Amino acid sequence: MIAKVASCAVVGLDALPIGVEIDVANGLPAMIVVGLPDKAVQESRERVRSAIVSTGVMLPAKRIVVNLAPADLPKAGPAYDLPIAVGILAGLGVVPPVEPDWLFLGELALDGELRHTTGVLPMVILARDQGYKKVFLPAVNAPEASLIQGVEIMGLESLEQLIHYLHGGESINPLPGADFASLQEKQTYEHDMSWVKGQEQVKRVLEIAVAGGHNLSLIHISEPTRPY
């Protein structure tokens, strides 16, 4: 059975939609992740496996293939733990299929607890702009995500809590939208380099220039066109 769960990736300061596809079939027991995953995404296999077992669900001896689409976009970070876990549970029939307008993101601990995940704001902005109704994410990230209006923020403490919710046995109240005025009491910045994923060399040059008070000029050189 193939299950599909919506998630997203952060590229620079923007987020892009990611489709998490799970195929649970007969074959040699294994969990394979494809779709240009980095080391952190590959390691999600062990985090997800342990988190699911901690909820009391025994994984059968099946071949589980996880595809992160689009396949040509590199995937990085642990934010895919939750959508992968939900897709596996749906593929096994443990939970009903999730709605296509629900978006999932978050890192899982081995005991199924959801941990703080970076890059939440651009992901929630994407969810709002793409018409998603609910975003399921770690409860610790919920106050930050609630700054974005127009989408329901569902803060989760654990994977087990989400399983109960999907079965209708537990209600999760969306977090009320936060007021930006509450942030004006402390110093804020329009941009923060910690939001930028990748570009490590450029960020290091910027840090060195700021620390030493040096001048800096960044020039983007496009590839010249060939004359014909």
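Mentor: Contact means that heavy atoms lie within 4.5 Å. The model is predicted, so local features need pLDDT of at least 70 and side-chain atom pairs pLDDT 80 or more, while totals for chains, interfaces and linings use all residues. Residues are numbered from 1 along each chain as its sequence is written, and side-chain values use heavy atoms, without hydrogens and water.

Trainee: Of the contacts in the protein chain with a separation of 6 or more, what share joins residues 24 or more positions apart?

Mentor: The chain has seven helices and nine strands, read as DSSP runs (H or I, at least four residues; E, at least two) and numbered from the N terminus. Among the contacts with a separation of 6 or more, the share from residues 24 or more positions apart is 66%.

Trainee: What percentage of the protein chain is made up of buried residues?

Mentor: Buried means under 20% relative accessible area, exposed over 50%, and partly exposed in between (1.4 Å probe, protein chains only). There are 228 residues in the chain, and the buried part is 39%.

Trainee: Is Thr117 buried or exposed?

Mentor: Thr117 sits in the loop between strand 7 (114-115) and helix 4 (120-129). Because its relative accessible area is 3%, Thr117 is classed as buried.

Trainee: Which residue has its backbone nitrogen 3.1 Å from a polar atom of the side chain of Thr117?

Mentor: A polar contact is a pair of N or O atoms within 3.5 Å; within protein, one must be able to donate a hydrogen and the other to accept it, and residues adjacent in sequence count only if both atoms are side-chain atoms. The Thr117 side chain has a polar atom 3.2 Å from the backbone oxygen of Arg115. Beyond four places in sequence, Thr117 is in contact with Ala79, Gly106, Glu107, Pro138 and Asn141. The backbone nitrogen at 3.1 Å belongs to Glu107.

Trainee: Which elements do the buried residues of helix 4 pack against?

Mentor: The buried residues of this helix are Val120, Pro122, Met123, Val124, Leu126 and Ala127. They pack against strand 1, strand 2 (14-25), strand 5 (102-104), strand 8 (134-138), helix 5 (142-145) and strand 9 (152-156).

Trainee: Which residue with a positive phi follows helix 4?

Mentor: Just after helix 7 (residues 200-212), Gly213 has a positive phi of about 70°. After helix 4, the residue with a positive phi, near 85°, is Gly131.

Trainee: What distance separates the C-alpha atoms of Tyr165 and Val95?

Mentor: Tyr165 is part of helix 6 (residues 159-166), and it is buried because its relative accessible area is 15%. Residues up to four places away aside, Tyr165 touches Trp102, Lys134, Phe136, Met154, Glu170, Ser171 and Ile172. Val95 is 70 residues away along the chain, and its C-alpha is separated from that of Tyr165 by 9.6 Å.

Trainee: Where does Lys197 lie, and which residues does Lys197 touch, not counting residues up to four places away in sequence?

Mentor: Lys197 is in the loop between helix 6 and helix 7. It is partly exposed, because its relative accessible area is 33%. Leu13 is 184 residues from Lys197 in sequence, with 7.3 Å between their C-alpha atoms. Leaving out residues up to four places away, Lys197 touches Val10, Gly12 and Thr118.

Notes:
Expected span 1.5 Å × (residues − 1).
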